[in-house]
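Reader: I'd like to learn how to read aromatic contacts and charged patches in a model. Can you walk me through them?

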Amino acid sequence: MSKATRTDTHPPAGHVADSHGLIRVHGARENNLKDVSIEIPKRRLTVFTGVSGSGKSSLVFDTIAAESQRLINETYSAFLQGFMPTLARPEVDVLDGLTTAITVDQQRMGGDPRSTVGTATDANAMLRILFSRLGKPYIGSPKAFSFNIASISGAGAVTVQKAGQTVKERRSFSITGGMCPRCEGRGDVSDLDLAQLFDDSLSLSEGAITVPGYKGGGWNSRLYAESGFVDPDKPIRKYTKKELHDFLYREPTRMKIAGINMTYEGLIPRIQKSMLAKDRESMQPHIREFVDRAVTFTTCPECEGTRLTEGARSSKIKGISIADACAMQISDLAAWVRGLDEPSVTPLLTALGETLDSFVEIGLGYLSLDRPAGTLSGGEAQRTKMIRHLGSSLTDVTYIFDEPTTGLHPHDIERMNELLLRLRDKGNTVLVVEHKPEVIAIADHVVDLGPGAGAGGGSVCFEGTVGELRKADTVTGRHFDDRATLKVSVRKPNGALEIRGASTHNLQDVDVDIPLGVLCVVTGVAGSGKSSLVHGSIPAGEGVVSIGQGAIRGSRRSNPATYTGLLDPIRKAFATANGVKPALFSANSEGACPTCNGAGVVYTDLGIVAGTATTCEDCDGKRYDASVLEYRLGGKDISEVLAMPVSEAEEFFGSGEARTPAAHRVLERLADVGLGYLTIGQPLTTLSGGERQRLKLATHMADKGGVYVLDEPTAGLHLADVEQLLGLLDRLVDSGKSVIVVEHHQAVMAHADWIVDLGPGAGHDGGRVVFEGTPADLVAAGSTLTAEHLAEYIGA
């Protein structure tokens, strides 16, 4: 009997497993999202855009990424989950088709002094193995080259069982680590400047101690004057060696002073415990000022800042030690590694070479592996985190990026686009939150949220291709092809800030005059030396207001009203109108709801299961005690005022019964920087990066300064908001200020009165001024990368 054969030529129907090509989100209500339902194609590049505060991060990070992470965490045992952060399920009805999400955000890398670019990317781990195998002389295992491992040795008797008998034997052990014993692997040592602690020409009874809290005959000063260890009437410079040791370094000693039991301790350990052990940000301003003045950080004299022991530095490969290798620019180190021909470690050299080449490819070849991780900018930190994903063999992963072009020159954005497309082409889903048209242009799919910000946003205004977005009647669609034009005439400077011989980091003895009284833009590729020039050479003293990109410190109790000082005049106005204490109108003080302690929500920790936050039933989330809400100002209670957007509050405090000039001035500044939609009582923890940056700008606009230094103020700004920012910069200059902006955005360059372009490359290929003059002259000269991209932008 013959076998039956198939005669049909039709291909089999698609496998059911291939039908899951979408991430489906239905009924998302996280933060300001209004019941959003959306389908996102997998294995494609999708860009989410919209004005700041429109709900992009709420949808991508707080809903999709958060749920993916929560589901992954649930696959671990209950024991392991106990050690992990507990994540609540996002406010969403259905989330379907999720894959493992890897979030590459702009959070700065840990500020631990021992964390470096090398340790954060595993490049150091590979280098240590390389030197332990090939280094001459041989000094030990990879641990001997690690500045995180101290050398330890010990010996003693141990009890062992042998042939049924208990025998005592002497054993010894030793671990050879690479940590410098003097600085403990930190590279620098802190020291107290004794001249800031006391005036040695005076005696204790004459008030020699100048530390805050130790003056004026209080208990701190009496402790030293009446201790009996030193003569209180003798000038400190005449103390004997023993007296000076007792005064500065004596170990804790119990004694009685004026009949009260007290503990005497040398001045230096006492100050170290009482002041230096605290977080600098939590100190009172006068204490912080003293600490900044008295504590000096100097390069460790033993390891010369390399963090390593002498032994680790003595072992070399072709004349290069591991300290030399880590100090090299990464692009140079990659070339050195490629030049090593050692068959015994070929796989290691290949892996290390690929990691270092990834740095160069991603535009970070100008860094060195010994660069402290805490000194990287948000954009640099984000790209450093990308390194480990570029060579990954994983596919069908969802990569989520938060504005990956922040801090990037247009020349570097092209390279970033190539990397995003490469991740997609490996079969991954790439979701990008972005404002820059150069990145939106490469998207397979665009989602535009809005139409406004805050309560006015949270809806999907558009989904489709880039071509369809250009024709769409949304804020992004209308502004997608916006291009700033060069000024017809530029302002004339009224002076100059002379910088001579600047050599911070990679600057190569730069001489440049920064014009005053105008809008001056400092630009150049990433790593060319812009921040080094501006922050390292312009003294941050009297008359200079410097607004960097550092994160705003604050808890979920902090909000724009508390951060800007707006709440103080509001509390006083309520207190005056009702004849009560201002403290009643603080949710962190006497006016707080006793049930939730002024938080507005009650947190319940459920151990290994995600904790819950439920709105407080007693105050209904208003944070205040019911008796406080009976007091009114202009017909509104304090909780209703905190629920107002800035624009409404500006009108409320500008006239009528609630007129409060001090509050109105702060609200005007908030509206000026484009935060009119922001609720004044919204927790700081819910603000986007762009909103936090502009909040800082609004706060500093009141500072009495003649020179404003801004570091990439367009970070996180939508195309439509850039125009408003340019208007704000113009107003600052027209009011008599000098504005210096470190910026890559072509609209800001085109709007400048003067441009200083640094380059031509990054790292040791940069650090020089390649152009200074007007934007029109820059375009006409066409001699730099910035000139090429600016000319293309304005269509010249």
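**Rings and charges**

Author: Start with the aromatic cluster made up of Phe 198, Tyr 214, Tyr 224, Phe 229, Tyr 239, Phe 247 and Tyr 264. One caveat: the model is predicted, so local features need pLDDT of at least 70 and side-chain atom pairs count only at pLDDT 80 or more, while totals for chains, interfaces and linings use all residues. Residues are numbered from 1 along each chain as its sequence is written, and side-chain values use heavy atoms, leaving out hydrogens and water.

Reader: How many aromatic pairs are there by this rule?

Author: A pair of aromatic rings is described by the distance of the centres and the angle of the planes. Rings of Phe, Tyr and Trp (its six-membered ring) pair if their centres lie within 6.5 Å; planes under 30 degrees apart are stacked, over 60 edge-to-face, the rest tilted. Here that gives 12 aromatic pairs. One of them, Phe 585 with Tyr 631, is edge-to-face, at 6.0 Å centre to centre and 70° between the planes. Those two residues are 46 residues apart, and the pair links distant parts of the chain.

Reader: Is Phe 585 buried or exposed?

Author: Buried means under 20% relative accessible area, exposed over 50%, partly exposed in between (1.4 Å probe, protein chains only). Phe 585 has 0%, so it's buried; Tyr 631, at 27%, is partly exposed.

Reader: Which residues form the negative surface patch?

Author: Patch residues have over 30% relative accessible area and no salt bridge, with like charges joined within 9 Å. Here they are Glu 414, Glu 418, Glu 788 and Glu 792. Glu 418 counts as exposed because its relative accessibility is 52%.

Definitions and conventions. Patches are made of residues with over 30% relative accessible area and no salt bridge: like charges are joined within 9 Å, nonpolar side chains (Val, Leu, Ile, Met, Phe, Trp, Tyr) within 5 Å. Accessible areas come from the Shrake-Rupley method with a 1.4 Å probe; for residues, only the protein chains shown count as cover. A salt bridge is a side-chain nitrogen of Lys or Arg within 4 Å of a carboxyl oxygen of Asp or Glu. Lys and Arg count as positive and Asp and Glu as negative; His and the chain ends are not counted. The place of a charge is taken as NZ of Lys, CZ of Arg, CG of Asp or CD of Glu. Helices (H or I, at least four residues) and strands (E, at least two) are DSSP runs, numbered from the N terminus.
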